[in-house]
Amino acid sequence: MATAAVLGASGYLGGELLRLLSYHPEIDVVAAVSQSQSGKRLGDLSPHLSRFEDLVLTADAGAVSADVAFLAQPAGEAMRVAPGLLERGIRVIDLGADYRIRDAAEYERVYGRAHTDPENLAKAVYGLPELFRSEIAGARLVANPGCYPTATLLALAPLVKRSVLTGPVVVDAKSGTSGAGAAPTSTSHHPEAAGTVWPYGLPVHRHVPEMEGILQRMGPAPPLVFVPHLVPLVRGILCSIYPTARGEFDAATWAGYLSEEYAGSPFVRVGDVPRLPWASGTNRCYLSVGAVGTAPVLFSVLDNLGKGGAAQAIQNANILFGWDERTGLGHSGFGI
Ligand SMILES: NC(=O)c1ccc[n+]([C@@H]2O[C@H](COP(=O)([O-])OP(=O)(O)OC[C@H]3O[C@@H](n4cnc5c(N)ncnc54)[C@H](OP(=O)(O)O)[C@@H]3O)[C@@H](O)[C@H]2O)c1
């Protein structure tokens with residue numbers, strides 16, 4: 001049994017971590033840290049939670065004592081609190097962006113602030129288990145990938161590894177509004193988002209350098225033309241991906257590459273064109289390869305709060321502690 005702390009407990013990913021951890025047989029949540037809700041009982045803040053309801057939220061990350069801390073906070077916060085946690089021997093899984101981009105200067109360019117913890121940045125491991133499982137196993141600090149990068153990288157990495165792509169890859173991504181976090185904004189709150197589909201993050205969304213950096217580690221990586229859209233759903237990401245094939249393209253052969261790559265990865269499914277509710281509430285990513293005429297198209301579906309966030313963080317914790325990576329993550333999707 002390991003003990004865990006969740007920081008950012010009142011946010012969407014903090015809440016999803018607490019919901020999913022309530023099913024985990026090996027993890028006991030002993031601290032829930034919240035700047036805005038400290039002093040409240042978790043059961044009063046989140047009445048839907050069936051476990052940990054008597055935990056009282058605290059504001060002081062410096063007082064946390066646990067085997068692992070999940071940081072579900074905005075970029076900039078993790079690099080402020082992670083050094084202290086790591087010094088106290090607590091393993092850290094950051095669900096934000098602070099440790100995903102290896103180069104501090106590139107982080108500053110993308111996120112508009114200097115990186116204040118370059119020492120730990122150099123040691124952080126990118127927490128996409130299907131690609132970096134063995135590195136994660138020995139890590140003290142895991143950078144959980146972004147939701148769009150998880151969906152995009154799982155589809156493209158096997159193809160980059162096999163050098164079958166050429167030219168730019170167009171990624172037409174659609175996300176539910178929970179991807180924007182719990183605080184309403186002028187573009188994400190219900191009256192603005194419920195009746196429209198909105199392309200945003202142009203010309204270069206913040207996740208593009210993260211994705212291109214990881215693809216370059218896999219092989220000769222194509223540039224990405226990435227256009228995210230906010231759609232009037234709560235959960236879920238669908239990426240429709242239009243690559244250009246180097247040489248002959250055959251959908252069955254490419255699907256075979258993906259199946260081969262993920263043969264030992266229980267959370268990635270390769271098959272028919274996926275539907276978002278298959279993945280809702282789960283740690284699964286559904287991939288599909290098809291053809292429009294002779295051109296390839298790939299589809300990647302996941303839950304941004306699940307495989308795109310909280311569930312993947314728990315998968316990483318399972319690997320850190322040497323448990324079966326499916327531990328506590330075996331539940332089914334919503335289906336509709
Ligand atoms: N939403 C997604 O689908 C998704 C997916 C993957 C990754 N992420 C990343 O995961 C992190 C958390 O995302 P989220 O959607 O859960 O965000 P959120 O709903 O906005 O929650 C973030 C929480 O962080 C805490 N916090 C601490 N310092 C803060 C500060 N200076 N300003 C504002 N909040 C602060 C707040 O909780 P307390 O008041 O309780 O401290 C807040 O509720 C972000 O870095 C996000 O980019 C999100």
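This report describes the ligand site and the cysteines of a predicted model.

## Basis of the model

The structure is a predicted model in which local features need pLDDT of at least 70 and side-chain atom pairs count only at pLDDT 80 or more, while totals for chains, interfaces and linings use all residues. Residues are numbered from 1 along each chain as its sequence is written, and side-chain values use heavy atoms, with hydrogens and water left out.

## The ligand and its surroundings

The shell around the ligand holds 25 residues, each with a heavy atom within 4 Å of it. Ser10, Leu13, Ser34, Ser36 and Gln73 are the closest.

Polar contacts are pairs of N or O atoms within 3.5 Å. An oxygen atom of the ligand lies 2.7 Å from a polar side-chain atom of Ser10, and an oxygen atom of the ligand is 3.0 Å from a backbone N or O atom of Tyr12. The ligand taken alone exposes 880 Å², of which the protein buries 76%.

## The cysteines

A disulfide is a covalent bond between the sulfur atoms of two cysteines. With the criterion of two cysteine sulfur atoms within 2.5 Å, the model has 0 disulfides. Cys285 is in no disulfide, as the nearest cysteine sulfur, that of Cys239, is 8.5 Å away. For Cys147, the closest cysteine sulfur is also in Cys239, and the distance of 9.0 Å is too far for a bond.

Cys147 counts as buried (under 20% relative accessible area, with a 1.4 Å probe and protein chains only), at 14% relative accessibility. Cys285 is buried too, with a relative accessible area of 0%.

Methods: Buried < 20%, exposed > 50% of the residue type's maximum accessible area, 1.4 Å probe, protein only. Polar contact = N/O pair within 3.5 Å; in protein donor to acceptor, adjacent residues only side chain to side chain. Areas by Shrake-Rupley, 256 points an atom, 1.4 Å probe, with all protein chains shown as cover.
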